[in-house]
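Hi,

Here is the model I said I would pass on.

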Amino acid sequence: MLTVAAVAVAFAAADTYVVVLALVDMMRGVGLSPDQLQRAAPIISGFLLGYVAMLPLIGRIADLRGRVPVLVACLVLFALGSLVTALAYDLPSMVAGRFLQGVGGGGLVPATLALVADLYPKDRRAVPLGLVSAVQEIGSVLGPLLGAAVLAVADWRAIFLLNLAVGLVLAAAVRVVATRTGGLADPGPGPGSSGGRDVRRRLPDPLGVVLALAVLALGALVFLRPTQVLRDVTWGQVFIPYAGDGRWLTPAGVAATVALLLLVVRCATARHPLVDLRAWTRSLREADVVGALFLAAALGGVILAFATADPKIQVFSDQGLWYLLGAGVATLALVVHLRRSPAPLVPRGALRRTPAWGAVLVSFFVGAALIAALIDVPLFARTTAYPDSQLMAALVLLRFLVALPVGAVLGGYLTRSVPAGVVTAGGMALAAIGFVLMSRWDLDTLEGWSYTIALVVAGLGFGLALAPVNAAVLAATDDAVHGLASAMVVVARMVGMLVGISALTTIGLRRYYAEEESIPSIVEVCGEGVGRCREFSDLLRLAGIAQEQTVFLGAAVCAAIAGVLALVVFRTADTRSVDAATMPPRGA
């Protein structure tokens with residue numbers, strides 16, 4: 001079971017990075033030109049909103065309903081989002097598809113981490129946690145390669161159709177494995193859990209299957225609008241809107257909507273429905289959907305505040321101030337709600353132990369440092385060695401991405417015998433050293449091999465920190481909230497990445513502008529000949545290098561803060577094996 005879940009996590013992680021190569025083609029597919037990149041921002045932020053804002057709710061449902069149903073539901077959502085994205089005809093439909101992909105792909109992570117806690121005692125969790133983290137990072141390595149391979153033989157829609165097929169296959173695989181293990185892979189610690197009993201599936205509801213196929217067929221017809229049918233005198237009328245120009249106001253769109261409503265009614269009333277909506281509705285109530293909405297609004301406000309910023313002039317945009325204000329109001333409402341609710345989203349005392357809330361804080365700073373490598377290493381490569389090749393610039397980062405899963409496995413093994421705080425601090429120390437080395441890169445560094453040392457050291461460092469952070473939060477929380485606790489750690493890292501890239505980029509650009517002010521104007525320099533124009537270009541590149549060097553130093557500071565915090569907050573985290581914890585010190 002854990003193997004299948006880990007493969008699903010890796011595949012969802014790969015999809016996150018596929019869009020980097022396909023974004024321009026996706027923009028053209030919905031009528032946007034490459035110079036309208038700002039209008040395409042919702043394609044990225046929509047995925048992030050789905051990934052982050054819904055994670056706590058999904059993690060809590062995994063605690064209440066069980067890991068297997070949540071894993072299957074997330075894979076189906078991911079597949080559905082992939083289908084909507086592949087068929088998208090305008091920006092709103094593409095953003096909706098990406099949002100569903102984010103919800104489904106993000107929900108796999110806390111459910112899988114909680115599954116590790118279900119299957120292994122706390123003194124043996126570190127290694128499988130490290131393996132899950134490693135597989136997830138391998139997915140991020142394979143994502144761009146997979147995207148490049150698909151784009152070499154087909155258009156961007158093929159990427160998401162492949163996601164659709166793989167998502168459905170993995171969902172079926174989870175069900176089959178769960179059934180064969182008799183539900184042992186899903187012990188379901190929460191009070192509302194299935195306890196593994198509902199993984200024994202009956203035959204699908206025939207009428208529900210027919211309605212589901214009708215929804216898919218009619219929906220595809222609305223999205224694709226086949227040319228031959230569209231031009232037919234008779235059948236073309238199904239695409240003529242009753243009012244306005246919306247596709248869903250056409251006969252085909254209305255038929256798809258009616259089929260969907262009938263499917264929902266069937267799933268809500270049938271004795272053995274295709275999807276048990278009554279059970280899921282009950283799980284949503286038990287998971288505190290109101291509190292989840294308040295938390296989603298708070299997280300969404302933070303995400304939009306930083307994601308819509310222009311880092312050249314500000315940490316967050318002018319609209320971001322309103323987003324942050326809304327996030328603050330939602331946070332206040334969440335606090336009041338959690339105090340009054342008899343069954344809150346975050347149960348009282350769930351994160352009361354220091355390692356539990358400390359893991360959330362450490363994860364935030366890990367994310368703030370990590371994003372500098374993921375974004376600024378390729379930017380440095382474009383500034384210096386590969387100004388005309390996005391692919392070659394991305395391959396520079398491959399050294400970091402390959403070292404990261406190796407460090408994740410090593411961190412899992414070390415956490416069995418070494419305190420989690422020490423392993424995390426050691427990893428963050430390596431990451432800080434790697435960033436300090438990067439801050440000394442110059443115009444010719446990437447022409448040699450020495451830069452690989454900094455990338456490998458930093459990648460190993462971040463990998464080392466993944467397993468002990470997850471092991472610490474799982475060891476410090478009760479079984480009934482492992483899904484929620486894992487989700488909070490992932491959310492903290494994602495928010496840290498958003499805040500980190502905005503803040504570090506703003507600081508770096510200030511350094512760039514300071515360097516630029518000392519450069520003579522292009523008129524003064526190029527008026528003296530072509531050779532001086534080249535010198536001016538080199539001076540601008542040096543200013544860009546100074547910007548990246550500043551970002552790398554800021555990331556080193558974030559990594560150091562994460563390491564120091566880990567030493568302090570993980571002192572009481574019980575993550576080591578019994579033999580290692582009771583072994584007398586050497587020389588005693």
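The salt bridges come to five, counting a side-chain nitrogen of Lys or Arg within 4 Å of a carboxyl oxygen of Asp or Glu. Before the details, some housekeeping: this is a predicted model, so local features need pLDDT of at least 70 and side-chain atom pairs count only at pLDDT 80 or more, while totals for chains, interfaces and linings use all residues. Residues are numbered from 1 along each chain as its sequence is written, and side-chain values use heavy atoms, with hydrogens and water left out.

Back to the salt bridges. R60 pairs with D63, with the closest N and O atoms 3.9 Å apart. Both sit in helix α3 (residues 55-65), three residues apart, or about one turn of the helix. Helices here are DSSP runs of H or I with at least four residues, strands are runs of E with at least two, and numbering starts at the N terminus. As a reminder, an α-helix has 3.6 residues a turn, so residues three or four places apart point the same way. D63 also meets R67 in a salt bridge, at 3.0 Å from N to O. R67 in turn forms one with D118, where the closest N and O atoms are 2.6 Å apart. R67 belongs to helix α4 (residues 67-86) and D118 to helix α5, so this pair ties together parts that are 51 residues apart in sequence. Through shared partners, R60, D63, R67 and D118 end up in one network. R60 and D63 are both buried, and so are R67 and D118; buried means under 20% relative accessible area, exposed over 50%, and partly exposed in between (1.4 Å probe, protein chains only).

Helix α5 (residues 91-119) deserves a look of its own. Of its 29 residues, 24 are buried, so the helix is largely enclosed by the rest of the structure. Its length also checks out: at 1.5 Å a residue it should span 42 Å, and the end C-alpha atoms are 42 Å apart, which agrees. The expected span is 1.5 Å times one less than the number of residues.

Now the overall picture. The protein has 21 helices and zero strands. Buried residues account for 51% of its 588 residues. The accessible surface is about 26100 Å², with 67% of that belonging to carbon and sulfur atoms; areas come from Shrake-Rupley with a 1.4 Å probe, and for residues only the protein chains shown count as cover. Of the contacts between residues at least 6 apart in sequence, 79% join residues at least 24 apart, a contact being heavy atoms within 4.5 Å.

What about the inside? The largest nonpolar core has 114 residues, and F400, F435, M438, F462 and F570 have the most contacts within it. Helix α14 (residues 354-383) gives the most to this core, with 13 residues. A second, separate core has 19 residues, including V18, V30, L32 and I43. A core here is a set of buried Ala, Val, Leu, Ile, Met, Phe, Trp, Tyr and Cys residues joined through side-chain atoms within 4.5 Å. Leaving out residues up to four places away in sequence, M438 touches V377, A454, L455, A458 and F552.

- S133 lies in helix α6 (residues 126-153) and is buried, with a relative accessible area of 5%. Setting aside neighbours within four places in sequence, S133 contacts A408, L466 and N470.
- D288 has a positive phi of about 70° although it is not a glycine. You will find D288 in the loop between α11 (277-286) and α12 (289-307), and it is buried at 5% relative accessible area.
- R576 is in the loop between α20 (530-569) and α21 (578-582) and counts as partly exposed at 27% relative accessibility.

Last, the surface. Y242, V254, V258 and L262 form a nonpolar patch with about 390 Å² of accessible area together. Patches take residues with over 30% relative accessible area and no salt bridge, joining like charges within 9 Å and nonpolar side chains (Val, Leu, Ile, Met, Phe, Trp, Tyr) within 5 Å. V254 lies in helix α10 (residues 251-269) and is partly exposed, with a relative accessible area of 33%.

Cheers
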